[in-house]
Amino acid sequence: MSNYDDVEITYRDGNSNYATRTVPGSAGSFVLDISHPGGSSTVYWYISRFIVSGTDITVGANNVRKAISTTVSSTNAQDIYITKMVGIKY
């Protein structure tokens, strides 16, 4: 990532909901998240942290899936998957 000014990351959750986020190339870590509607007035929010080290990107700790309705419940889960990265030079 450090070879680029920014990196555009396309990713999905375990239910094939996609999103794209632009991250600075100099970032040592970054967070990707996706929220989507569930049944019975519930919103599901998937959050994962990624660590950059040289040319490697690994999944960090404390990844979570939240179900938000009249209450909030959390489950430790890594449910974000990077599908594409595009480096951008200005």
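This is a predicted model: local features need pLDDT of at least 70, side-chain atom pairs count only at pLDDT 80 or more; totals for chains, interfaces and linings use all residues.

User: What lies between S1 and S2 in their hairpin?

Analyst: Four residues lie between these strands, and in the turn Ser 16 has a positive phi of about 65°.

User: How do you know that S1 also pairs with S8?

Analyst: Strand S1, residues 6-13, is joined to S8 by eight bridges, and pairing requires at least two, so S1 and S8 pair. Their directions are antiparallel. Within S8, Ile 88 stands opposite Asp 6, and Val 86 is the bridge partner of Glu 8.

User: Why are S2 and S8 called edge strands?

Analyst: The open sheet has three strands in the order S2-S1-S8, with antiparallel pairing. Strand S2 (18-24) and strand S8 (80-88) each pair on one side only, and they are the edge strands. From one strand to the next, the twist averages 25°.

User: What holds the strands of a sheet together in general?

Analyst: Strands of a sheet pair through backbone hydrogen bonds, and the pairing may be parallel or antiparallel.

User: Why is S1 described as mostly covered?

Analyst: A residue is called buried when its relative accessible area is under 20%. Six of the eight residues of S1 are buried, and S1 is therefore described as mostly covered. For the protein, buried residues make up 30% of the 90 residues.

User: What makes S4 and S5 a further pair?

Analyst: Strand S4 (residues 43-53) and strand S5 (residues 56-59) are joined by four bridges and run antiparallel. Since at least two bridges are required, S4 and S5 pair. One of the bridges involves Val 52, whose partner in S5 is Ile 57. The hairpin of S4 and S5 has two residues between the strands, and Gly 54 takes a positive phi near 65° there.

User: Why is Ile 51 called partly exposed, rather than buried or exposed?

Analyst: Ile 51 belongs to strand S4. Its relative accessible area is 26%. Buried requires a value under 20% and exposed a value over 50%, so a value in between is called partly exposed. Ile 51 is therefore partly exposed.

User: How do you know which residues Ile 51 is in contact with?

Analyst: Contact means heavy atoms within 4.5 Å. Leaving aside neighbours within four places in sequence, Ile 51 is in contact with Gly 28, Ser 29, Asp 56, Ile 57, Thr 58 and Gly 60. Ser 29 is 22 residues from Ile 51 in sequence, yet their C-alpha atoms are 4.4 Å apart in space.

User: How many helices and strands does the protein have?

Analyst: The protein has zero helices and eight strands. From the N terminus on, the elements run β-β-β-β-β-β-β-β.

User: How far apart are the mean positions of the positive and negative charges?

Analyst: There are 7 positive and 7 negative charges, and their mean positions are 4 Å apart.

Notes:
Residues are numbered from 1 along each chain as its sequence is written. Side-chain values use heavy atoms; hydrogens and water are left out. Buried means under 20% relative accessible area, exposed over 50%, partly exposed in between (1.4 Å probe, protein chains only). Lys and Arg count as positive and Asp and Glu as negative; His and the chain ends are not counted. The place of a charge is taken as NZ of Lys, CZ of Arg, CG of Asp or CD of Glu. Axes are lines fitted to C-alpha atoms, for helices over the stretch in contact, and angles run from 0 to 180 degrees between N-to-C directions.
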